[in-house]
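Morning, everyone. Please bring up the model, and we will walk through it chain by chain.

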Amino acid sequence: MNTRDKPLLTDTYETIDAFIPDNDSIYIFGTAGEERCAHYSAWECRLHGVDFVRIVRQEASSFVANYKEIDYQILLRNTSQIEALLKVVGERVIYLDITGLSHNIWAPLLRNALALRKQVLVVYVEPEIYSFSAAPKEGEIFDLSERILGISPLPGFISFREPLEEEKVCFVPLLGFEGTRLAYLIEQVQPPGNKILPIIGVPGFRPEYPFYAYHGNQLPLLRTHAYRNVRYAIANCPFSLFYALEDIVKDYPDDMLKIAPIGTKPHALGAVLFAIANNRSVELIYDHPIRKPSRTKGSSKLLVYHASTFVSPSI
Amino acid sequence: MVNNISADKPQEQLSQLFGSYKAEWLRDEIYSLYTEPTYLPELKTSRPCLLVGGRGTGKTTVLRSLSYEGQFALNNNDPHQIDSWAFYGIYYRVNTNRVTAFSGDELPVSKWADLFAHYFNLLLCDLTLRFLSWYQRHRPNAQQLDAEACKRVARSLNIAGEVESVRVLANKIDDLKIEFEAHINNVANTTFRSLSIQGAPIDILAEALSQLPQFRNKDFFFLLDEYENFEDYQQQVVNTLIKHAGQYYSFKIGVRELGWRRKTTLNENEQLIHPADYVRINIAEKLSDDKFKKFALDVCNARLSKVHLLGQKANYDISHILPGLTEDEEALELGVKEVTKSVKEKIALLQEKELCRIAENLSPLELYFVDYWAESKGLSVRDVLNEISKDQSGWNTRYNNYKHALLFTIRRRKRGIQKYYAGWDVFVSLSANNIRYLLELVDQSLVAHLNEGGKLGDLVSPKTQTIAAQNAGRKNLSELEGLSVHGARLTKLLLSLGRIFQVMASDMGGHTPELNQFHLSEDTSLTEDIDRDVKELLTSAVMHLALIRFPGNKLTDEADIRDYDYMMHPIFTPFFVFSYRKKRKMVIAAGQLLGLVNSPKVTIRQLLEQHNRNPEDSLPDQLTLFEGYYLEHT
């Protein structure tokens, strides 16, 4: 891994309890039934200086946000509606907690918030552990997703850009533990064989996780020889991932990047920030898994990423 | 790169030549390894064509070979030949991440159809202009599209401003794509200023091209690959173009079996009909057994000839390198002599000269059958031998019916290889006329043979071939999950069906031999949900080659799942150990089929008990990996 002299704008808290959102801020969150999303109710009762926006329903094309007892139905491909929600909060700091939100919800929210030049801090809580699969098939370790809905673009990140030549594409899957998802994406994207550049989270949330990532993805990595091209970025650091993507652009300056954020959420955040910063040369490819509510147990570190400062240091 | 392979070890060369099974991964190299299929002339006519074939049957290779890049490569990259081509093909693989952008709850389908039609206009114009740019690069002195033609195309796309050249038109289309992209990202909030009429810009552009002297009397093809990736309504949009395409261009469509879900145009009453509207080319039908075998032999031998050994080319015939076994030879390999010791002793004890003489004339496998038949029918060995002496021809018929099936029983509940899968003809059968699977079987066999210290050109042992075939089955089973959103269900379906047919094959006593197909029972009491679920499962299984299907006894409607018989794709049979031959079938209820996926342990047991088999029968070595899936105590 390269050593870089670049900022990782992250506040790290060892436990959820060690973190308290600033007074006079807005905290946007959703719950996915996991233990690490269970603390919001307590916060809502306790933290009177913070306004909470609870995303109570997450659909493919829309979500419902509850703010001060009122439900707002918002279409994800309606910028005016998203902006209206974000404007309700005024000039206060926005905490966007992505732990319990699907990619298709938080990514357009973040994009619009940054476009409005809001001060956005993205929050993420690591799980203590992922649930092991009771009857694992080959390469399967954890029991994480029920199924996938299939490839479709994240709202707000649709791209019609085509590479100049078919070969001018780098496919960058951000690896998690589910090799099937990688195999599915490779089948669908059909990238040039020698330009699959996977990124694995190293160091992982836990020391053994990078090995699980290799194990889980070994079949597609071997079949495509992509194991030769693996790169690394800190698993819980979107900025580290961002810099790794910058390195790839330096190595393949004429290529379009097709990034598949199927690994950690902080990596997905890094990919989304990268797509925002490099609009026309990046395409996000996502398979929309239906998560099992019991996929994780407990909670570990809480991380706060200074997303708006990273994108626009003047904010 | 194929051009540089001579420096690599033979194993690496083989993996590059045979191991890059997918045309998509070979990219430019597909042209140097290209073998023309017999149905190609039909595709080269100016008529619209539908090329139907499963994964790995060569659709992409053929469509790419028709593209201008493919034709250029196949004509030795000679720019002087370009003007002599009879047609110019423009290839496009339907990109799921693009086309799914045109769906969602934000708009009704009719509105999505208008937006998609505009996008498709932009796409085809963009692809055509890329072709023109390529053409001008190679034929710089040729006449170019004039400003008036460019303006007309621009107007039809509602592009404002001066458009005086192809380059400007291409840039304007790119700008329009950016604007349209922004609109689709915010589609619930805005209406697009002006959409183009479906097909109009392409018609204008193609007509203008046909006026250029270099393209006069030439055909233009849009080669649309993976048509199944379109949403249903999008297929209707493109069907409308296919039906009403003008005289200046036509479409060649590559699609998986059952992937062409909508056959109407946007007018629900207007069907696309073969042969009036298009030519349907089903690869499986066109490359029926003998033709496929010849085609496959040409493909494999051509690739083998590219292997360099110490500077020498390896000219071998793959059908000779992969020897098979007759049933009698295989029985010996499986240790039938050891198994028949006891029956021999029984016969000796009979002390009847005539019966002993008959027994002596029987091959070990036939003798094994005598014992097997006696036991399964509750007869004595003497009874069976007497039956042979009375009706030799009747016995011969029976033996021939059971001979192959017997091989699965000789090593029942024993470790190691339980059945051999070896020989070029067997590999062709295992591939079920799928060139990708055949290349994989050949690759794995040859590489294993070399890794064992064998030389290229020496015969590959049946054992090595069998293990390679098992590995190919296992690999394709593990890959199935990643092929589609239904992949996990398909894997479960195969694990369940595979186990049922494996137990049935190894425990044949008194039952129908080589039972390895099924059809659905007629059940009118099914709920709509179950019916839809079964249809979706079987359609997906056929599309992704988990199952293959054959028309049943009735006149068939392609969409009616009950009109067909189904079989696991033969590539999986060496892994599960049952017969790859198309033989006998059983009936499965729709609910049971879903049960094989949703509650496999219970349903496997139920189906095996229904056929008087023991669900607790031990697993073959290679299936112990899936013990947790099968055994109820785990």
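Start with one term: two strands pair if DSSP finds at least two bridges between them. Helices (H or I, at least four residues) and strands (E, at least two) are DSSP runs, numbered from the N terminus.

Some housekeeping. This is a predicted model: local features need pLDDT of at least 70, side-chain atom pairs count only at pLDDT 80 or more, and totals for chains, interfaces and linings use all residues. Residues are numbered from 1 along each chain as its sequence is written, while chains are lettered from A and ligands numbered from 1 in the order in which they are written.

Now a sheet in chain B. Its four strands run in the order E9-E10-E8-E11, the sheet is open, and the pairing is mixed. At the edges sit strand E9 (547-551) and strand E11 (584-588) of chain B, each pairing on one side only. From one strand to the next, the twist averages 35 degrees. Take one pair: strand E8 (residues 515-520) and strand E10 (residues 564-568) of chain B are antiparallel, over two bridges. B:Gln517 has B:Met567 in E10(B) as its bridge partner. As a reminder, strands of a sheet pair through backbone hydrogen bonds, either parallel or antiparallel.

Next, chain B as a whole. How many helices and strands does chain B have? There are 31 helices and eleven strands. The C-alpha trace of chain B spans about 105 × 65 × 45 Å along its principal axes. Chain B has 634 residues, and 43% of them count as buried. Buried means 20 or more other C-beta atoms within 10 Å of a residue's own; exposed means 12 or fewer, and partly exposed is in between, with C-beta atoms placed from the backbone. Contact means that the C-beta atoms of two residues, placed from the backbone, lie within 7 Å. Of the contacts in chain B between residues at least 6 apart in sequence, 76% join residues at least 24 apart.

On to domains, whose bounds come from an automatic or database domain assignment. Chain B splits into domain 1 (39-144 + 201-286), domain 2 (335-406) and domain 3 (481-630). Over C-alpha atoms, the centres of domain 1 and domain 2 of chain B are 62 Å apart.

One residue to look at is B:Gly378, in the loop between helix H20 (364-377) and helix H21 (381-390) of chain B. Is B:Gly378 buried or exposed? B:Gly378 is exposed, because 8 other C-beta atoms lie within 10 Å. B:Gly510 is 132 residues from B:Gly378 along the chain, and their C-alpha atoms are separated by 9.7 Å.

Now a helix pair. The axes of H26(B) and helix H27 (residues 528-543) of chain B come within 10 Å and cross at roughly 85 degrees. Axes here are lines fitted to C-alpha atoms, for helices over the stretch in contact, and angles run from 0 to 180 degrees between N-to-C directions. Angles under 35 degrees count as roughly parallel, over 145 as roughly antiparallel, 65 to 115 as roughly perpendicular and the rest as oblique. H26(B) and H27(B) are therefore roughly perpendicular. H26(B) brings B:Arg489, B:Leu490 and B:Leu493 to the contact, and H27(B) brings B:Leu537, B:Ser540 and B:Ala541.

How do the chains meet? In chain B, 31 residues are in contact with 34 residues of chain A. Elements giving two or more residues to the chain B side include helix H2 (23-26), helix H25 (462-480) and helix H26 (487-506). H10(B) has the largest share, five residues. The chain B side divides into eleven nonpolar, eleven polar and nine charged residues. For those classes, Ala, Val, Leu, Ile, Met, Phe, Trp, Tyr, Cys and Pro are nonpolar, Asp, Glu, Lys and Arg are charged, and the others, Gly among them, are polar.

Last, chain A. Its domains are domain 1 (10-130 + 295-311) and domain 2 (145-291). Their centres, over C-alpha atoms, are 24 Å apart. Their contact takes 22 residues from domain 1 and 21 residues from domain 2. On the domain 1 side, H3(A) gives the most, seven residues.

Chain A also has an open sheet of three strands, E9-E12-E13, with parallel pairing. The twist averages 20 degrees from one strand to the next. E9(A) is joined to strand E12 (residues 256-260) of chain A by five bridges. A:Pro173 stands opposite A:Ala260 in E12(A).
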